[in-house]
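Work through the exercises below with the sequence and the model at hand. Each task is followed by a solution in steps.

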Amino acid sequence: QVQLVESGGGSVQAGGSLKLSCTASRVTYGRYCMGWFRQTPGREREGVAVFNRISSKTYVAESVKGRFTISEDHLKNTLYLQMNSLKPEDTANYYCAADGRIENGGMCALFPDAYNAWGQGTRVTVSS
């Protein structure tokens with residue numbers, strides 16, 4: 001079982017920045033996708049950004065494209081999400097996911113069911 005430890009959430013004003021980190025205890029052979037998802041009360045968990053640890057291919061949701069960047073420190077098994085130009089609508093609980101399968105074309109999936117391991121979540125609050 002892959003264990004994930006997240007850090008970096010907090011409260012900022014609109015236009016500010018935060019950086020989330022997620023360290024994985026191990027990597028499952030053949031399941032090399034990691035990603036960030038977010039969720040607000042009453043809504044389904046949505047994909048924010050995903051990362052293929054073999055090819056370094058990334059995919060970022062349209063709602064955060066140009067503002068959020070996903071990256072990885074391969075040696076540390078740590079995934080990052082740099083969030084800039086934050087907006088109040090970015091307020092959510094952010095979850096790190098790992099142990100995800102690689103889809104056709106070498107991309108990682110942006111839907112939660114593709115991932116087997118989840119972090120505890122970290123709260124991001126953006127005030128206007």
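The model is predicted: local features need pLDDT of at least 70, side-chain atom pairs count only at pLDDT 80 or more, and totals for chains, interfaces and linings use all residues. Residues are numbered from 1 along each chain as its sequence is written, and side-chain values use heavy atoms, with hydrogens and water left out.

**Exercise 1.** Describe the largest cavity and its lining.

Solution. 
Step 1. On a 1 Å grid over the protein atoms alone, a cavity is a set of points where a 1.4 Å probe fits but cannot get out, and lining residues have an atom within 4 Å of a point.
Step 2. Searching the whole structure gives one cavity of 30 Å³ or more. The largest cavity holds about 50 Å³ of space, where a volume is the space filled by probe spheres set on the grid points, joined across faces, edges and corners.
Step 3. Among the lining residues are Val2, Ala24, Cys33, Met34, Arg53 and Asp99. Strand 4 (33-39) and strand 9 (92-100) are the elements that give two or more residues to this lining; strands are DSSP runs (E, at least two residues), numbered from the N terminus.
Step 4. By class, the lining has seven nonpolar, one polar and four charged residues. Ala, Val, Leu, Ile, Met, Phe, Trp, Tyr, Cys and Pro count as nonpolar, Asp, Glu, Lys and Arg as charged, and the others, Gly among them, as polar.

**Exercise 2.** Is threonine 78 buried or exposed, and with which side chain does the side chain of threonine 78 make a polar contact?

Solution. 
Step 1. Threonine 78 lies in strand 8 (residues 78-83).
Step 2. Its relative accessible area is 5%, so threonine 78 is buried (under 20%; exposed is over 50%, partly exposed in between; 1.4 Å probe, protein chains only).
Step 3. The partner is the side chain of threonine 23, at 2.9 Å. A polar contact is a pair of N or O atoms within 3.5 Å; within protein, one must be able to donate a hydrogen and the other to accept it, and residues adjacent in sequence count only if both atoms are side-chain atoms.

**Exercise 3.** Which residues do ring pairs link into a cluster?

Solution. 
Step 1. Rings of Phe, Tyr and Trp (its six-membered ring) pair if their centres lie within 6.5 Å; planes under 30 degrees apart count as stacked, over 60 as edge-to-face and the rest as tilted. The structure holds three aromatic pairs.
Step 2. Phenylalanine 37 and tryptophan 118 have ring centres 5.1 Å apart and planes at 65°, so this pair is edge-to-face.
Step 3. Tyrosine 115 and tryptophan 118 are also edge-to-face, because their planes stand at 65°, with centres 6.5 Å apart.
Step 4. The cluster is therefore Phe37, Tyr115 and Trp118.

Note on methods
1 Å grid on protein atoms, 1.4 Å probe; cavity = no way out; pocket = protein on both sides within 12 Å on 5 of 7 lines; lining within 4 Å. Helix = DSSP H or I, 4+ residues; strand = E, 2+ residues; numbered from the N terminus.
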